[in-house]
Amino acid sequence: MARKHNLAGAKGHCCVLNLSTEVKQGRMTKASLSLQELRRKIYRKAKAEKHWRFWGLYCHVCKKEVLREAYRLAKANDGAPGIYGKSFEDIGAEGVEGFLEGIGQELLNRTYRPLPNRKVEIPKGNGKTRMLGIPTVKDRVVQGALKLLLEPIFEADFKDCSYGYRPKRHAHQAIDRVTKGILHGLTRVVDVDLSGYFDTIRHHLLLEKLARRVQDDDIMHLVKLILKANGKKGVPQGGIISPLLSNLYLNEVDEMMERAREVTRRNGYYNLEYIRSADDMVILIHGHPKENWLLQKVQKRLKEELDTLQVQMNREKTKVVNLKEGGCFSFLGFDFRLTRNREGKAYVSKTPRKKKRQEIGKKVKAALKANWNKPFREVIQTVNAIVRGWVNYFRIGNSTSTFNKVRNYLEMKVRRFVMRRKKLKGFGWKMWSREEIYGKWGLFNDYQIRYVPLKANPSR
């Protein structure tokens, strides 16, 4: 009878999680686990035993099927080439299977060494820039394989208040939770801004957190190599595994805030709410004056927790806002305000931030310039893809006015683009009607707001 292996194997040997058996032609045979089932079993074990330390994981990182899936995910995400400039197209021409075979052998032989990340500066819109670290395709595949094995372990530990970079979670859920909190009286907001969070993560503290759940020397060594490829501290914004590691680094902050949420609950109602998406976090406190102590205490405790991680709050941007006094704060691209409709009923107004409107204009302008010589149908398809993603994100809020401005601006940009290609001046108002532009040309025109109904109050 086939032997059931534990969730780990001895050092230097490969293990397979809970191999099942089947009868075939009168004898028992081992049925290999799919990657999906492997991840599911790891998650269940991690969820059931909060102090279990996983070992024997490295052999799975080296497997062809894991590397193949990591390659598929990396390619689907596309992205710019790394320091040597080799793209997915180049690898496809040379042969993907041979490429993955080479990575697997390097990992098995312990000769794999990641290359330095290619540094790219991205404008932030406030005159400053954000530094991205772009790994090579090979390093992206290795990071992706590592993430496939580590993610289910730490997903079992991550808290409900965390939404960024997590499977089956997205920004709209976080925005919905903020909205519910405000509508139930949590109208004082600590809008927290962290200074250069990703660039200041301390490697030794991160590795300590990783080691609490991973007892595998090869895995730990591989993570160290990946971190060092970006410098002495920080995780690269652009790395495949960076989002997972950045969430792990702040998980104890999430735990502290969730405990505070529970212990300050009175008569079935919450007086505190905390929502985080990556390094973007807000704390909601009840608006009653008797909770003034809580407003002060939670800021003090948050600073203490962040200090232990050597993460600094930006004092200029971190602020306390009272929504009942007309205050406004920003979270995940929206400006939040508490206002009233014509009937006097309070509601939370969520409008796209001005800089987000400006960003979409710049992206479309750059796309038109980059596709100057392409067939017009391809140009429209490119513009539509950019606009559709932006509109789908912001259509859950009070975005009608912003959408009208964006639609008018983009229509003028496309009109001007066509006129210039024809070597004519103006916008062609008399040459093409709106019906022709949105109908015959096919320019994106779905700017309808789609309100998502709020679920029952979870605070009761």
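**Exercise 1. Find which ring the charged end of Arg261 sits over, and how far from its centre.**

Step 1: Apply the rule that a charge sits over a ring if NZ of Lys or CZ of Arg is within 6 Å of the ring centre and within 35 degrees of the ring normal.
Step 2: For Arg261, the ring is that of Tyr270, with the charged end 3.7 Å from its centre.
Step 3: Arg169 gives another case, with its charged end over the ring of Tyr163 at 4.8 Å from the centre.

A word on the ground rules: this is a predicted model, where local features need pLDDT of at least 70 and side-chain atom pairs count only at pLDDT 80 or more, while totals for chains, interfaces and linings use all residues. Residues are numbered from 1 along each chain as its sequence is written, and side-chain values use heavy atoms, leaving out hydrogens and water.

**Exercise 2. Classify the ring pair of Tyr71 and Phe99.**

Step 1: Rings of Phe, Tyr and Trp (its six-membered ring) pair if their centres lie within 6.5 Å; planes under 30 degrees apart count as stacked, over 60 as edge-to-face and the rest as tilted.
Step 2: Tyr71 and Phe99 have ring centres 6.1 Å apart and planes at 65 degrees, so their pair is edge-to-face.
Step 3: Helices here are DSSP runs (H or I, at least four residues), as are strands (E, at least two), numbered from the N terminus.
Step 4: Both Tyr71 and Phe99 are buried, where buried means under 20% relative accessible area, exposed over 50% and partly exposed in between (1.4 Å probe, protein chains only).

**Exercise 3. Do likewise for Phe376 and Trp441.**

Step 1: The centres of these rings lie 5.2 Å apart and the planes make 85 degrees, so this pair is edge-to-face.
Step 2: Phe376 belongs to helix 15 (residues 376-394), and Trp441 to the segment after helix 17 (434-440), 65 residues away.
Step 3: With a relative accessible area of 23%, Phe376 is partly exposed, whereas Trp441, at 15%, is buried.

**Exercise 4. Describe the surroundings of Pro352.**

Step 1: Locate Pro352 in strand 11 (residues 346-352).
Step 2: Its relative accessibility is 7%, so Pro352 counts as buried.
Step 3: Setting aside residues up to four places away in sequence, Pro352 touches Gly333, Phe334, Phe394, Ser399 and Thr402; contact means heavy atoms within 4.5 Å.
Step 4: Phe334 and Phe394 also belong to a cluster linked by ring pairs, together with Trp390, Tyr393, Phe403, Phe444 and Tyr447.
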